[in-house]
Amino acid sequence: MSAGGGPSLQFIDTHCHIVPGVDDGASSPDVSLRMARIAVADGIGRIIATSHIVEGYYDGSDLEKRLEALRRLFAEDDVGLELIAGAEVPMSICMAGEKQVLADLTLADGKYLLMETADTTYDQVARAAYHVRLCGFLPILAHPERTLFVQKDLGKLKELLANSDVFCQITASSLEGLFGKGIQKTSYSMLKAGVVHLVASDAHSAGRRKPVLSESKNLLVKAVGEENAAVIMYENPARILAGDDLLQKPAISRQEVSKRSFLARFMGK
Ligand SMILES: [Fe+2]
C-alpha cells in the first residue's frame, strides 16, 4: 500500500526542482536520484519537473532532453518514478511573454502555467494573471503563502481568485512549519478560506527541502477533512495532467470537521 492511503493512489507532485544543474534545485544527477528514491518511498508516482526559468540563463528549451537522461538514470537504478515536463515561470515572462513562449512552459504541455510568486506585489500578480489568461492559459500561483501581500491581507488573494480564474498551490513544508510560524499560519488561513487547490513539495534537494507529500496529506485531513484533502492531494494534480478544470472546494473549519467526526462516530459511521 502506498503512503498515499490506498493501493492505487499515488501522489503527483506538481512542483519539484529535480532536474540537475539548471537552477537552485538538484545540484547533480546523484542528488536527483536520491530525491527520486525519497519521492517513491513517500508514495509519489509522478513528478512534474518545474525548474526555474530565468531570462538569459535557462529558458527550458532542452528540458525534455534533460528529462530523458534522468529517466535513463532512474531506470538503471530501478526507481519507478515518472517525470513530466513543466516549469516555474518568472513574473517578467508571465507579464509579457509571447503566447508560444508561455505554451512551451506549461505544466504537462497543458493549460496550466505555474507562476513564480515569491517577492511580488498584488498588482504584479494581477497583471501577470491577466496576461496569462489573455494568452489562453490558467495561472497557478506557486507558494502564495510566502508572499507578503497574501500574508497581510487574504482578502486581496480572494479578490484575485474571484476576478481572474487564478489557482493556488501551497508548499508542503509551509504547512509543516519549515518556513516559520507566520507562513504556516497563512497556509492554514488559506486552507480554511477554501483558496488552496494544490499542495506540492517544491523540493530542491534530498535534504531539508525534499520531495515528501504524505505528511501534508495527514495535516490536510486534520485541517479540512478527508474529502477536501483528497481533492487537493490527488484529484486536482490528476486534473492538471488530464487538462481538466481544477475543483474548488468550500472552506471547512477545524471546528466543523471535528463536529462532523463526532457525529459520524455517534452515528456509527
Ligand atoms: Fe519552486
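When two helices cross, the crossing is left-handed if the near helix is turned anticlockwise from the far one by less than a right angle, and right-handed if clockwise. With that in hand, take a look at helices α1 and α2: their crossing is right-handed. Keep in mind that this is a predicted model. The chain averages a pLDDT of 90, and 89% of the residues score at least 70.

**How α1 and α2 meet**

- Helix α1 covers residues 29-41 and helix α2 covers residues 63-76; their axes come within 10 Å and cross at roughly 60 degrees.
- That angle makes α1 oblique to α2.
- On the α1 side, the residues involved are P29, S32, L33 and A36, and they meet L70, L73 and F74 of α2.
- Sorted by class, this contact has six nonpolar residues, one polar residue and no charged ones.

**The three-strand sheet**

- Here the strands line up in the order β1-β2-β3, forming an open sheet with parallel pairing.
- β1 (11-16) and β3 (82-85) are the edge strands; each has a single partner strand, so one side of each is left without a neighbour in the sheet.
- Going from one strand to the next, the twist averages 25 degrees.
- β2 (residues 44-49) pairs with β3 over four bridges, in the parallel sense.

**The four-strand sheet**

- This open sheet runs in the order β4-β5-β6-β7, again with parallel pairing.
- At its edges stand β4 (112-116) and β7 (198-200), each with a single partner strand, so one side of each has no neighbour in the sheet.
- Ignoring direction, neighbouring strands of this sheet are turned by 30 degrees against each other on average.
- Strand β6 (residues 167-171) runs parallel to β7, and three bridges join the two.
- Q169 stands opposite L198 in β7.
- Helix α5 (residues 122-134) lies across β4 and β5 (138-142), and runs at about 145 degrees to β5.

**Where to be careful**

- Over residues 1-7 the pLDDT is below 50, and this stretch has 12 contacts in the model beyond near neighbours in sequence.
- Residues 252-269 also stay under 50 in pLDDT, and the model has nine contacts for them beyond four places in sequence.
- Where pLDDT is low, the predicted coordinates should not be read in detail.

Note on methods:
Residues are numbered from 1 along each chain as its sequence is written. This is a predicted model: local features need pLDDT of at least 70, side-chain atom pairs count only at pLDDT 80 or more; totals for chains, interfaces and linings use all residues. Axes are lines fitted to C-alpha atoms, for helices over the stretch in contact, and angles run from 0 to 180 degrees between N-to-C directions. Angles under 35 degrees count as roughly parallel, over 145 as roughly antiparallel, 65 to 115 as roughly perpendicular and the rest as oblique. Two residues are in contact if their C-beta atoms, placed from the backbone, lie within 7 Å. Ala, Val, Leu, Ile, Met, Phe, Trp, Tyr, Cys and Pro count as nonpolar, Asp, Glu, Lys and Arg as charged, and the others, Gly among them, as polar. pLDDT is the predictor's confidence in each residue, from 0 to 100. Two strands pair if DSSP finds at least two bridges between them.
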